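Student: I am new to this structure and would be grateful for a guided reading of it. May we proceed by question and answer?

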Amino acid sequence: MSKKQLFHIIWTTYNEYPVWNKNGNWQKLVEIYTELQKHNISYNLSHELPIGSVNKNSKSEWLLLNEKSINQLKTDIEKLCQEKNDRIIDGLEIKMLNINKSKVEILLFSDIQSITQKVSRLKSRTSTLLSLQYPEKFVGKGTWGKGFWCSNILNKENLAISIIKNSLPVDI
């Protein structure tokens, strides 16, 4: 089995601007990654971080998570990531989980070969579970935006975890 690596993952709710879209406000995330660079922490990004942002209002059909759905989502993610609770996700080691009204941000350890499959499955399963718990608000397919942003931290993982945790929240 290959060595597990640290990943910083962010996905947004339906119709919210994703990390790589300059229309959103991801300045706080840019600041976090600037701080990682100052400490010589290496990383690979799935999408380039926008340097400037327009800060447009989200689209009219923007789906917001409320306190109950955020708590349910947190419980579901923690349970799904445990070993032997899902045949695909199976044992993602969570180091930080932050959920707000329009995004999920997570730091976790995984092998690099299956991270895309595991996070995609996590998004799919949580969407289904939210639709079962709150069918009047969540319909499954329209819960999450397309794709996710991913950073692979290549060294000084404990320092990176500390910097990212202490920089919360990454509001949008």
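**Helices, sheet and selected residues**

Tutor: In this predicted model, helices α2 and α3 pack at an angle of about 135 degrees, and their axes lie 10 Å apart.

Student: Is α2 roughly parallel, roughly antiparallel, roughly perpendicular or oblique to α3?

Tutor: The angle between α2 and α3 is about 135 degrees. Roughly antiparallel requires an angle over 145 degrees, and roughly perpendicular covers 65 to 115. The pair is therefore classed by its angle as oblique.

Student: Which residues of α3 meet α2, and what is the handedness of the crossing?

Tutor: From α2, the residues involved are Ser69, Gln72, Leu73, Asp76, Ile77 and Leu80. They meet Leu122, Arg125, Thr126, Leu129, Leu130 and Gln133 in α3. The crossing of the two helices is right-handed.

Student: How are α1 and α4 oriented to each other, roughly parallel or roughly antiparallel?

Tutor: The axes of α1 and α4 come within 10 Å and cross at roughly 150 degrees. Ile32, Tyr33, Glu35 and Leu36 of α1 make the contact with Ala160, Ile163 and Ile164 of α4. An angle over 145 degrees counts as roughly antiparallel, so the relation of α1 to α4 is roughly antiparallel.

Student: Why do the buried residues of α4 line one face of the helix?

Tutor: Helix α4 spans residues 157-166, and Glu157, Ala160, Ile161, Ile163 and Ile164 are buried in it. Viewed down the axis of α4, these buried residues line one face because they fall within an arc of 165 degrees. On the other side of α4, the exposed residues include Asn158 and Asn166. The buried residues pack against β1, α1, β3, β4 and β5.

Student: What is the order of the strands in the open sheet, and which are the edge strands?

Tutor: The open sheet has five strands with antiparallel pairing, in the order β2-β5-β1-β4-β3. An edge strand pairs on one side only, and this applies to β2 (43-45) and β3 (93-100). From one strand to the next, the twist averages 15 degrees. The edge strands are thus named as β2 and β3.

Student: Which helix packs on the sheet by touching β1, β2 and β5?

Tutor: The helix in question covers residues 27-38, and its direction makes about 15 degrees with that of β5. Another helix, α3 (residues 115-133), lies across β1 and β4, at about 35 degrees to β1. The helix that touches β1, β2 and β5 is α1.

Student: Which residue in β4 is the bridge partner of Asn98?

Tutor: Strands β3 and β4 pair in the antiparallel sense over seven bridges. For Asn98, the bridge partner in β4 is Glu105.

Student: Is Val104 buried or exposed?

Tutor: Val104 lies in strand β4, residues 103-110. Beyond its neighbours within four places in sequence, its contacts include Leu73, Ile77, Leu97 and Trp144. Trp11, also in contact with Val104, is 93 residues away in sequence, yet the C-alpha atoms are 5.4 Å apart. Because the relative accessibility of Val104 is 0%, the residue counts as buried.

Student: Is Glu83 buried or exposed?

Tutor: Glu83 lies in the loop between α2 (67-80) and β3. Leaving aside neighbours within four places in sequence, Glu83 is in contact with Asp90 and Gly91. The relative accessible area of Glu83 is 62%. A value over 50% counts as exposed, so Glu83 is exposed.

Methods. Residues numbered from 1 in each chain as written. Predicted model: local features only at pLDDT ≥ 70, side-chain atom pairs only at ≥ 80, totals over all residues. Heavy atoms only, no water. Helix = DSSP H or I, 4+ residues; strand = E, 2+ residues; numbered from the N terminus. Buried < 20%, exposed > 50% of the residue type's maximum accessible area, 1.4 Å probe, protein only. Contact = heavy atoms within 4.5 Å. Pairing = 2+ DSSP bridges. Axes fitted to C-alpha atoms, helices over the stretch in contact; angles between N-to-C directions. Arc of directions from axis to C-beta. Parallel < 35°, antiparallel > 145°, perpendicular 65-115°, else oblique. Left-handed = near helix turned anticlockwise from the far one by under 90°.
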